[in-house]
Structures are given as C-alpha cells and as structure tokens.
Amino acid sequence: VNTTGEVIDETLTIAGSAGDGVAVQFDTTARVTRFEALDAELNLLGQTITGNFSFDSVSSPADPDIDGSVRIAVTGAGLFLGDDGGTPDDITDDTGVRITDAEGALLVLGTGLAGEISGDVQLAVPDVEFTGSFTVAVNTIAAPVNESFTVGSETIALDLPGGPFLCVKGDNVTLDVLGQSLSGDFAIERM
C-alpha cells in the first residue's frame, strides 16, 4: 500500500531473518491499495505457509456498501502443522495436518463477509489417517456475491448466493482408523 504520493524503491530487512530482505517498489505516485506476495513463504514458530497472496482495499465513496472493503485471495497455498520427523522433504514420516493446493477468496465489508476456500487436506497421526478435498464457503451478507479476484496472472471467481450461510463440502474423503476405512463425499450446510 502506498498512500504517500511518492515513488518508493526500498528494501526492508526483518530482524532475525537470514533472508535478503523484502523489496518494496512503487513506480508511480498514484495511490496504491493493492499488495501481492507471489511464491511467498512465511515461517513462524517452526511452521511454514507458502503460496500466492493478494490483498487490496476498495475505495468507492459513491458506493458506501463497498467503500473500505478488503479483498484477500490466495492460490497455490500450502501449510503443514505438526512434526515433520526431522525430514522436511519426506512427508511419509510426518505427524500432523497438511493442506495443499489451497485456493480461495474473501471479501470483507462493513456489513459482513463472504468467502470460499478449497484445498486438499491430510491428517496423519499414529493409527489414524484422514484425507480429502474440502471446500468451505460462507456468506454473512444478505445479498449474493459475484466478484473476481486476481492473484498474479490467475483470476479467482467468488460467486455465492445471498446469506447468511456456511457450507462445508468434502470430496473423496477417507478416514482410516486402526485398519478400518470409511470413505465418501459429504456436504454440511447451515443457513
């Protein structure tokens, strides 16, 4: 975000980081309210989230319903929470929750929020394995939402009916416990 009215070309260093720093460049003096982090990796407390992220703020005094809204989108995201067994490149010995191929969009308005995120989930703990492709959709706004979000060169459509509602869908879900298996597709919706 650049609201200074000046061209900016700086590198931010983060205390305690071994990285090269983060380049911050705005080649224009125009007001910029959009930020993207492509092929980003955030390490916090031994856990890592990766992916492509986009954040922007909408300024539209003529339309008070969307003025000041925040839009967030993600593609190609991954997250692992747990113990990698000391071998980060070998997932066969991991214990925890892994989310891969996550994609989604979130619109936050003064009147509520609407969003949808999907991804593949794998839970691995001793004698239990849980896998599947999941989608979570929510709309607390009475009106339908039909918005397009851009992350890098990809466009994500957020097309939801009016709310309020919450929906969780699982496809190709498998639960293995002590050698017993249960699998199928499901959807749970609260209106």
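1. A starting point is one pair of residues in this predicted model: T48 has F80 as its bridge partner in β5. A second bridge to β5 links T50 with G78.

2. What joins β3 to β4? The two strands form a hairpin, with two residues between them. L45 lies in that turn and has a positive phi of about 55 degrees. The pairing of β3 with β4 is antiparallel and comprises nine bridges. One of the bridges connects E36 with S54 in β4.

3. These strands belong to an open sheet of eight strands, with antiparallel pairing. Its order is β3-β4-β5-β6-β7-β8-β11-β12. Because β3 (34-44) and β12 (180-190) stand at the edges with a single partner strand each, one side of each has no neighbour in the sheet. On average, neighbouring strands of the sheet are turned by 10 degrees against each other, with direction ignored.

4. For the protein as a whole, the secondary structure is simple to list. There are 12 strands and zero helices. Read from the N terminus, the elements run β-β-β-β-β-β-β-β-β-β-β-β.

5. The loop between β4 and β5 contains S69. Is S69 buried or exposed? The residue has a relative accessibility of 3%, and it therefore counts as buried, the cut-off being under 20%. Once neighbours within four places in sequence are set aside, the contacts of S69 are D56, S57, V58, L107, V108 and L109.

6. Which residues does T140 touch, leaving aside neighbours within four places in sequence? They are T111, G112, L113 and P164. T140 can also be placed against G115: the two are 25 residues apart in sequence, and their C-alpha atoms are 9.4 Å apart in space.

7. Some overall values complete the description. The C-alpha trace spans about 65 × 45 × 25 Å along its principal axes. Of the 191 residues in the protein, 25% are buried. The accessible surface comes to about 12,100 Å², and carbon and sulfur atoms account for 55% of that area. Among contacts between residues at least 6 apart in sequence, 44% join residues at least 24 apart.

8. The last point concerns charge. How many positive and negative charges does the protein have? The counts are 6 positive and 31 negative, and the mean positions of the two groups are 9 Å apart.

How values were computed. Residues are numbered from 1 along each chain as its sequence is written. This is a predicted model: local features need pLDDT of at least 70, side-chain atom pairs count only at pLDDT 80 or more; totals for chains, interfaces and linings use all residues. Side-chain values use heavy atoms; hydrogens and water are left out. Two strands pair if DSSP finds at least two bridges between them. Helices (H or I, at least four residues) and strands (E, at least two) are DSSP runs, numbered from the N terminus. Axes are lines fitted to C-alpha atoms, for helices over the stretch in contact, and angles run from 0 to 180 degrees between N-to-C directions. Buried means under 20% relative accessible area, exposed over 50%, partly exposed in between (1.4 Å probe, protein chains only). Contact means heavy atoms within 4.5 Å. Accessible areas come from the Shrake-Rupley method with a 1.4 Å probe; for residues, only the protein chains shown count as cover. Lys and Arg count as positive and Asp and Glu as negative; His and the chain ends are not counted. The place of a charge is taken as NZ of Lys, CZ of Arg, CG of Asp or CD of Glu.
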